[in-house]
Amino acid sequence: QVQLVESGGGLVQPGGSLRLSCVVSGRVFSRQYMGWFRQAPGKEREIVASITGSGTIAHISNPVKGRFTISRDNAKNTVWLQMNSLKPEDTAVYLCAANPDGRGLNYENPSWDAWGQGTQVTVSS
C-alpha cells in the first residue's frame, strides 16, 4: 500500500523554473531509491533522474543534464525535481517512482514498482 503523490506541475514560460514534489507513504522512504520519469505525447516514457536512499544522485538524463536536479529529504518522505531553464520540449507528464532494490536506476524496468499518478508540466509562451 505504497502511495506516491506528485505536485508542483503547471504552465510555465520557456526559461522558467518549476519544482516538482513527490511525497511517499506506505514504505520506509529512506530505503527507497527514487526517480522521476516523464512521458510526452507520442513518446515513450523516459527516466529523467534518480537518487539513492542516502541522497546521492544516481542518474540525470542527457536532455536535462545541467538544467534539472533531483534531491530528497528523508525526514519529510519527499523527493523533488528542480527544473530550471525549461524548454517547450520538456512538456510532459512527470511521474515519481520508487525502486526498492536499486536495480536499473538509469532506465525504466520492473524494479520501479510503485508510481504516482503524474503531474502535468507545460512549457509554453
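**View 1. Tyr-94 and the residues that surround it in the predicted model**. Tyr-94 touches Glu-6, Leu-20, Trp-36, Phe-37, Arg-38, Val-48, Phe-68, Leu-81, Met-83, Gly-118, Thr-119 and Val-121, leaving aside residues up to four places away in sequence, where contact means heavy atoms within 4.5 Å. This is a predicted model, in which local features need pLDDT of at least 70 and side-chain atom pairs count only at pLDDT 80 or more, while totals for chains, interfaces and linings use all residues. Residues are numbered from 1 along each chain as its sequence is written, and side-chain values use heavy atoms, with hydrogens and water left out.

**View 2. The largest nonpolar core**. This core, a set of buried Ala, Val, Leu, Ile, Met, Phe, Trp, Tyr and Cys residues joined through side-chain atoms within 4.5 Å, holds 28 residues, of which Met-34, Trp-36, Val-79, Leu-81, Met-83 and Tyr-94 touch the most other members. Buried means under 20% relative accessible area, exposed over 50% and partly exposed in between, with a 1.4 Å probe and protein chains only. Strands that each supply at least two residues of this core include E4 (33-39), E8 (78-83) and E9 (92-99), strands (E, at least two residues) being DSSP runs numbered from the N terminus. A second, separate core of 5 residues includes Phe-37, Ile-47, Ala-97 and Leu-105.

Conventions
Helices (H or I, at least four residues) and strands (E, at least two) are DSSP runs, numbered from the N terminus.
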